[in-house]
Amino acid sequence: MYNSFLSFNKTKFTNRLEVCFLIVFCVNFIFKIIDLGYSSFWYDEIISVQSASLDFGHIKHVSEWDKNPPFYYYCLSVWIKLLNDSEFTVRLLSVIFSSLAAGTLFLLANNYFNKTTAVISSLLFLSSNILFYYSHEARAYSLVLLLALISTYLYFSFKENSTLKTILLLGLINFLLIYTHYIAGLVLFFQTLLIFFFFDKKWILKYLISVFLVLGLTILRFTKKQLFLIIDFNSSGSVFWLKKADFNYFKECLSEFLFNDYMAVIFLFVILSVIILLIIKKEGDFKFHIIYALLLSVGSIMILYFLGKITPIFLDRYLIFTLPFLFILIGFGLSFIKNPSISITLIALFCMVCSFKINYKTDKGMDYRNAVKFIKSIKQKGDLIIVKTKDVKPLFGYYYEADFFKKKELSSNETILFCSAWADLSQSPTDYRRVIVIDSFEELNPNEYEFQKKLSEVKKMYYKTNEYKGVKISFYK
């Protein structure tokens, strides 16, 4: 009875798969360019633009102080040189990566599960608010998503036909995955783990070729400082925006990944049902693909959660590569409903409702574009502008002066100072009629109290505004 039940609804789209891929890509692309340039760049994004604006040979060394490897910056560098560095253009690269990931997910789910899984997982991918948000983010997360799916497709292909081409491509993609984000190394870890349980010795030796390729490219491309950074990635004494994992944040992540609290319970029940079916079913191929999806989704989340209790590493954005595999498990579980059109229709209606709840403007943590526009409109001769902190200089410079990253400095920097503490000031505020202070990370700056105290001793604050998100502007004279 179980065998007949589990073999039900295993048909696939076999004709015109290229057309299906193109449709999924185009729908995602059109959907995700809505309000793409609406929000200002914020701190994280400007790091990407600044890094991509460096000479190609210098980009790698950004990773010696940044906690992200450089492959995304290389891609963005080429993209900016071909087009420009506007908000729309820069984020468009992430939209393309996300849309390609959607098409790859469809092919993966169709070819190695069934067509119902392919349709449902694609619908969930399209209507995910968090995936939409990061498709509008000039960071590496959409690229990680794409590479994880391509790696999985090649890994499954390797199990069917271990050609040298497949082995070499798998090794290259897995290297690029790690060269894009260190956490994504979990994909390589789980693939290697499964090799010893589902492959014979002959296949293991072939797979090791791809592993050695990854190790060889890592030695060639990573600097010594980067390798030390990997070992100490997000140490417990890390920066202020990283916190150790707790159960409340764990629940928030699940709720965000699976649309809301109620749907998280329902979808987790579906995934649990798949696990039960996995225990009942004895066929190797069936178990292999399901176990792989479980490890990359549930396994990755749980590993990072428990590691996150030791070191601040459990972040939703670090985990979005797990979402397609959660969606595959959900789609596969729902594919066992006797009439697949029922499950697809219900999910389609649910996704339509979710589409109205997506934040299409993807408001960022800072509205620096309008804040700087305001400063430029009211700046007068004899004003001193103090921008805090020093790290915000690229963001301020990008909006204050055209081609800032080509010139590296502002042409009028004698009246604009960048500082993190009072001791950083190279000019005295008393030499100016009016002082305008732009604050970001105000509550997190340990030198903030001293700065305000010292400035208040020589100038009197007469106006301040918090109108621009993430930015406080204060006027002294």
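**A walk through the helices**

Helices α7 and α18 run roughly parallel to each other. Why do α7 and α18 count as roughly parallel? Look at the angle. The two helices pack at about 5°, with their axes 9 Å apart. Angles under 35 degrees count as roughly parallel, so α7 and α18 fall in that class. From α7, the contact is made by T116, V119, I120, L123, L124 and S127. From α18, which spans residues 340-355, the partners are P340, S343, I344, I347, A348, F350, C351 and C354. Sort these residues by class and you get 11 nonpolar, 3 polar and no charged. Keep in mind that this is a predicted model.

Now step back to the whole protein. Its secondary structure comes to 22 helices and 5 strands. The chain has 477 residues, and a compact globule of that length would have a radius of gyration near 23 Å. The protein has 25 Å, which agrees. Its C-alpha atoms fill a box of roughly 85 × 50 × 45 Å, taken along the principal axes. Buried residues make up 55% of the 477. Next, consider how contacts reach along the chain. Take contacts between residues at least 6 apart in sequence. Of these, 78% join residues at least 24 apart.

Return to α7, and find another of its partners. Helix α6 covers residues 87-112, and α7 covers residues 115-127. Their axes come within 7 Å and cross at roughly 160°. Angles over 145 degrees count as roughly antiparallel, so that is the label for α6 and α7. The crossing is right-handed. Which residues of α6 meet α7? They are S98, A101, A102, L105, F106, A109 and N110. On the α7 side, K115, T117, A118, V119, S121, S122 and F125 take part. By class, this contact has 8 nonpolar, 5 polar and 1 charged residues.

Follow α6 to another neighbour, helix α17, which holds residues 323-334. The axes of α6 and α17 come within 11 Å and cross at roughly 40°. L105, L108 and A109 of α6 touch P324, F325 and I328 of α17. The class count is 6 nonpolar, no polar and no charged residues. Notice L105 and A109.

Next, pick out a single residue. L154 sits in helix α9, residues 141-160. Is L154 buried or exposed? Its relative accessible area is 14%. Buried means under 20%, so L154 is buried. What does L154 touch, leaving aside its neighbours within four places in sequence? The contacts are T166, L169, L170 and I173. G171 gives a sense of distance here. L154 and G171 are 17 residues apart in sequence, and their C-alpha atoms are 9.5 Å apart in space.

Move on to the loop between α9 and α10 (164-178), where T163 lies. T163 is partly exposed, with a relative accessible area of 29%. T163 and L93 are 70 residues apart along the chain, and 32 Å separates their C-alpha atoms.

Finish with some backbone exceptions. Most residues other than glycine have a negative phi, and most peptide bonds are trans. D35 has a positive phi, near 55°. D35 is in the loop between α2 (17-32) and α3 (43-52). With a relative accessible area of 32%, D35 is partly exposed. D403 also has a positive phi, near 60°. The place of D403 is the loop between α20 and α21 (404-407). At 48% relative accessibility, D403 counts as partly exposed. Then there is the peptide bond. Which residues does the cis peptide bond join? They are K388 and T389, and omega is about 0°. T389 lies in the loop between β1 (383-388) and α20 (393-400).

Methods:
Residues numbered from 1 in each chain as written. Predicted model: local features only at pLDDT ≥ 70, side-chain atom pairs only at ≥ 80, totals over all residues. Heavy atoms only, no water. Axes fitted to C-alpha atoms, helices over the stretch in contact; angles between N-to-C directions. Helix = DSSP H or I, 4+ residues; strand = E, 2+ residues; numbered from the N terminus. Parallel < 35°, antiparallel > 145°, perpendicular 65-115°, else oblique. Left-handed = near helix turned anticlockwise from the far one by under 90°. Contact = heavy atoms within 4.5 Å. Nonpolar A, V, L, I, M, F, W, Y, C, P; charged D, E, K, R; others polar. Rg over C-alpha atoms; globule rule 2.2 N^0.38 Å. Buried < 20%, exposed > 50% of the residue type's maximum accessible area, 1.4 Å probe, protein only.
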